[in-house]
Amino acid sequence: MLSDNAKSEIQALIARYPKSRSALVPALYVAQREVGWLPPAALEDVGLLFGLKPAEVEEVASFYTMMNLHPVGAYHIEVCTNVPCTLRGANGCAAQLKERLGIDYGQTTPDDQFTLSHMECLGACATAPMFMATERATGKIRYFEELDAPEKIEQALDLIRSGRGFDTCERWPAGPYTHGGMEPRYLLANVDKPDSHTIDVYMQSGGYETARLALTSKTAKDVLEEVKAANVRGRGGAGFPAGTKWGFLPAGVYPRYLVVNADESEPGTFKDRMIMEYDPHQLIEGIILAAYAVECKQAFIYIRGEYYFAYTRLMDAIAEARARGFLGKNLFGTANELDIIVHRGAGAYECGEETALLTSLEGDRGHPRLKPPFPAVEGLYRKPTVVNNVETICNVPHIIRQGAAWYKQFGTEKSTGFRIFCLSGWVKRPGLYELPHATTLRELIYTYGGGTPDDRPVKAVVPGGLSMKLLTNAQLDTPLDYESIQGAGSMLGSAGVIVIGEGQSLVEIARRTLSFYREESCGKCTPCREGTSWLEKILIRIEAGEGNLSDLDLARSITNFVAGGRAFCPFGDAAVWGLQSHLDKFRPEFEQYIKDKNPDLDRPVMPLRPTYRPSTNAAELD
């Protein structure tokens with residue numbers, strides 16, 4: 001089934017990793033590119049190269065939505081319908097695609113040219129509505145964004161049909177999306193420069209000089225202590241201080257690993273994508289400094305599979321850095337060495353959780369691990385491992401260059417520094433805004449985002465990615481820092497701020513949110529697996545006009561059995577926090593919806609049948 005060239009490519013991938021099993025998902029990408037999908041014969045050939053049975057290979061492939069276990073068309077169109085995109089017209093975009101292609105979700109056109117699917121968040125929340133297109137023959141992926149008019153959708157499809165749609169994988173239309181914020185900016189300082197992704201442009205503004213000075217004039221402990229003193233907190237969601245995390249590595253235990261979490265899958269979050277696409281060398285310099293501080297020689301960037309353009313930019317940037325002697329052996333003329341492997345995920349939100357990410361990186365289904373032991377003690381390949389978010393690592397060069405005292409002049413005492421806020425939903429200027437912690441929600445939404453497109457009032461705001469609890473219009477003066485947002489009843493999370501306007505249905509948003517978490521549940525534990533399914537069914541019933549007022553009490557009760565540490569990992573809490581706040585703060589809207597839609601509120605409640613549906617293959621009908 002697989003050609004000798006494909007087998008040789010897979011063997012080269014196996015040789016690249018410390019443990020061969022880690023190359024399994026990359027090998028499946030090779031097989032899928034060659035065959036067009038993953039039939040049993042291809043899985044068998046892959047298994048032979050790893051010493052695995054076909055069933056073991058299929059077990060892994062079936063976990064990831066980007067692995068096609070059924071045939072797809074020459075171009076696979078996947079339209080994002082998650083909440084930020086829905087708020088900006090994703091359903092209309094999807095309807096236009098269905099009409100123009102003459103197919104529904106899960107179907108392929110008779111000429112085998114197009115397969116259409118819906119997709120969860122693709123990290124393009126500021127440029128919605130949009131779709132992702134994959135070219136079967138090459139495996140290349142391209143984002144088509146800002147599809148807010150029928151003629152734009154037709155232009156995108158015409159470009160794909162012409163055969164020129166994948167001449168580049170940069171998003172269409174090309175270029176960085178809307179961004180702004182404080183002046184000067186640091187994390188986003190380079191993204192507007194021509195050829196900002198190249199090493200020459202990065203070095204024109206002093207790029208890699210901080211790493212050079214640190215490795216030649218500072219000790220590893222000096223770097224670690226500076227980061228610890230700056231109190232830079234993790235930007236991936238949990239907000240744990242990076243320097244403190246680094247200090248947890250057990251002394252004298254080697255090898256140790258640095259893993260950068262670039263699996264940016266939280267709906268409403270799209271900051272890491274911008275950095276990797278338009279300033280990848282900033283991330284690489286941060287990795288060099290972090291690896292030096294924690295005394296590791298091998299780093300990984302685990303990037304979500306959908307971020308294909310960012311992946312190509314990272315690969316090119318690493319090659320440039322290696323050619324200049326900034327990676328490899330004898331870094332900057334010292335005895336230090338560092339290698340970076342960029343590892344593509346394949347479509348699994350759960351892999352944003354650090355232990356699930358490590359399990360996936362080792363070549364298995366992305367299931368979370370029991371903690372303790374924590375990754376700092378027993379992580380990748382059961383060795384000490386630091387896992388940090390892309391933006392967190394990108395703060396490091398600025399801290400080491402300017403010093404912790406300089407960094408702490410921004411933000412608050414406990415929420416130091418600046419960060420990139422992702423603004424999406426019902427706002428005039430969705431995009432990325434680099435601002436100090438403690439900027440208020442009102443300032444972000446109105447001063448930078450321009451308010452709502454039609455000047456309607458804001459109904460609610462998600463302050464930190466879709467999983468976080470809603471804040472109301474009365475809470476818009478809340479400062480965007482960890483302590484203030486927590487005091488308001490939510491969490492800052494990944495700083496994915498989603499704005500919901502008056503007149504936009506929270507019933508629809510709640511149902512779409514639970515559909516996402518049901519779809520993305522890894523299925524490992526009962527509270528999350530069954531609870532999200534039950535809740536989705538209740539909300540579907542309500543939205544269809546078949547709900548009862550008692551459904552609201554039932555749904556709120558079920559959330560209590562999913563959250564509160566009852567699930568195996570934090571995913572369970574994240575799955576229901578949003579719904580809890582919907583029902584706690586906006587219950588009258590749900591009650592009125594039920595009364596308006598259901599003329600007979602006294603009929604018995606339909607029984608729930610809790611059946612688990614794992615994540616479907618992208619080519620199948622959802």
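Q: Why is A230 called buried?
A: In this predicted model, A230 has a relative accessible area of 0%. Buried means under 20%, so A230 counts as buried.

Q: Where does A230 sit in the secondary structure?
A: A230 belongs to helix α10, which covers residues 220-230.

Q: What makes I399, A404, Y407, K408 and T416 contacts of A230?
A: A contact requires heavy atoms within 4.5 Å. With residues up to four places away in sequence set aside, A230 touches I399, A404, Y407, K408 and T416. For one of these, Y407, the C-alpha to C-alpha distance from A230 is 6.3 Å, and 177 residues separate the two in sequence.

Q: How do you know that S515 is buried?
A: The relative accessible area of S515 is 9%. The cut-off for buried is under 20%, so S515 qualifies. S515 lies in helix α20, residues 506-520. Neighbours within four places in sequence aside, S515 is in contact with E120 and E536.

Q: What makes α13 a helix largely enclosed by the rest of the structure?
A: Of the 15 residues of α13, 15 are buried. Each of them therefore falls under 20% relative accessible area, and the helix is largely enclosed by the rest of the structure.

Q: How do you know that the span of α13 is close to the expected one?
A: Helix α13, residues 280-294, reaches 21 Å from its first C-alpha to its last. The expected span is 1.5 Å times one less than the number of residues, which for the 15 residues of α13 gives 21 Å. The two values are close. Just after α13, E295 takes a positive phi of about 60°.

Q: What does the secondary structure of the protein chain come to?
A: The protein chain has 24 helices and 15 strands.

Q: How many of the residues of the protein chain count as buried?
A: Of the 622 residues, 62% count as buried. The chain exposes about 22400 Å², and carbon and sulfur atoms supply 51% of that area.

Q: Which share of contacts joins residues at least 24 apart?
A: Among contacts between residues at least 6 apart in sequence, the share is 73%.

Notes. Residues are numbered from 1 along each chain as its sequence is written. This is a predicted model: local features need pLDDT of at least 70, side-chain atom pairs count only at pLDDT 80 or more; totals for chains, interfaces and linings use all residues. Side-chain values use heavy atoms; hydrogens and water are left out. Helices (H or I, at least four residues) and strands (E, at least two) are DSSP runs, numbered from the N terminus. Buried means under 20% relative accessible area, exposed over 50%, partly exposed in between (1.4 Å probe, protein chains only). Accessible areas come from the Shrake-Rupley method with a 1.4 Å probe; for residues, only the protein chains shown count as cover.
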